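Please read it alongside the sequence and the structure.

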Amino acid sequence: MDTKFSSAIHALILISESETPMNSEQIAASVGTNASYIRKLMTRLRKAEIIEGRRGISGFRLVRKPDDISFLDIYKSVMETDSLHLFDIHQNPNDACIVGHNIRPVLNGMFRNMEEGVEKELAGITLANCISNMRVYVDEQNEKEETK
């Protein structure tokens, strides 16, 4: 599976939580990838008006509040699509076979229903939710360390 979505969420949390704009090298070091990959993601997020980066100013900042950025917004921007697409169907079923002849339209309908459900879930989760969950997790980890 492609990692653009999770990498973009990671980058957006860094940008959101940083007191100063973060550049692609800093983000890449945290994500564990190269800066050119991050710049490609940032270009897509900028087109979607989620972040901004200005010439002459090194780094990116959020244009919208984390509460106003849904996971679906992030997914659509980095995947460059208008709808979620998770499932593909094999290309060459045998039309002479009853299953082969009918499998594509049946699976297309079922897969689209599942994808629509995932879209609704992603639309209901915000970057702020993820940041909050991360803070809770970090606090729990810190408490575990303190009790050792």
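E119 is placed in helix 5, which spans residues 98-123; helices (H or I, at least four residues) and strands (E, at least two) are DSSP runs, numbered from the N terminus. The model is a predicted one: local features need pLDDT of at least 70, side-chain atom pairs count only at pLDDT 80 or more, and totals for chains, interfaces and linings use all residues. Residues are numbered from 1 along each chain as its sequence is written, and side-chain values use heavy atoms, with hydrogens and water left out.

**E119 and its surroundings**

- E119 has a relative accessible area of 14% and therefore counts as buried (buried means under 20% relative accessible area, exposed over 50%, and partly exposed in between, with a 1.4 Å probe and protein chains only).
- Apart from neighbours within four places in sequence, E119 is in contact with L72, S83, L84 and R112, where contact means heavy atoms within 4.5 Å.
- F71 is 48 residues away from E119 in sequence, yet the C-alpha atoms of the two are 9.0 Å apart in space.

**Salt bridges**

- The structure holds nine salt bridges, each defined as a side-chain nitrogen of Lys or Arg within 4 Å of a carboxyl oxygen of Asp or Glu.
- Side chains of opposite charge can pair when their charged atoms come close.
- One of these salt bridges joins E80 and R44, at 3.3 Å from N to O. E80 lies in the loop between helix 4 (71-79) and helix 5, whereas R44 lies in helix 3 (residues 35-47), so the pair ties together parts that are 36 residues apart in sequence.
- R44 is partly exposed, at 22% relative accessibility.
- R61 and E52 form another salt bridge, with an N to O distance of 2.6 Å. R61 is partly exposed, at 42% relative accessibility.
- R64 and D73 also pair in a salt bridge, their closest N and O atoms being 2.8 Å apart. R64 has a relative accessible area of 25% and is partly exposed; D73, with 29%, is partly exposed as well.
- A network of salt bridges with shared partners joins R112, E115, E116 and E119.

**Strand 1 at E52**

- E52 is found in strand 1, the strand that covers residues 51-53.
- Not counting residues up to four places away in sequence, E52 touches R46, G59, F60, R61 and V63.
- Between E52 and V63 there are 11 residues of sequence separation and 6.2 Å of space, C-alpha to C-alpha.

**Positive phi angles**

- Most residues other than glycine have a negative phi.
- E49 has a positive phi, near 60°, and is not a glycine. E49 lies in the loop between helix 3 and strand 1 and is exposed, with a relative accessible area of 55%.
- E80 also has a positive phi, of about 50°, although it is not a glycine. E80 is located in the loop between helix 4 and helix 5.

- N23 lies in the loop between helix 1 (4-17) and helix 2 (24-31).
- N23 counts as buried because its relative accessibility is 18%.
- Beyond neighbours within four places in sequence, N23 is in contact with S58, G59 and F60.
- S24 lies in helix 2 and is buried, with a relative accessible area of 6%.
- With neighbours within four places in sequence set aside, the contacts of S24 are A35, I38, R39 and F60.

**Surface patches**

- Patches are made of residues with over 30% relative accessible area and no salt bridge; like charges are joined within 9 Å, and nonpolar side chains (Val, Leu, Ile, Met, Phe, Trp, Tyr) within 5 Å.
- A nonpolar surface patch consists of L86, F87, V106, M110, M114 and V118, together giving about 470 Å² of accessible area. Accessible areas come from the Shrake-Rupley method with a 1.4 Å probe, and for residues only the protein chains shown count as cover.
- V106 is placed in helix 5 and is partly exposed, with a relative accessible area of 46%.
- D139, E140, E143 and E146 gather on the surface in a patch of negative charge. Lys and Arg count as positive and Asp and Glu as negative, while His and the chain ends are not counted; the place of a charge is taken as NZ of Lys, CZ of Arg, CG of Asp or CD of Glu.
- D139 lies in helix 6 (residues 127-146) and is partly exposed, with a relative accessible area of 45%.
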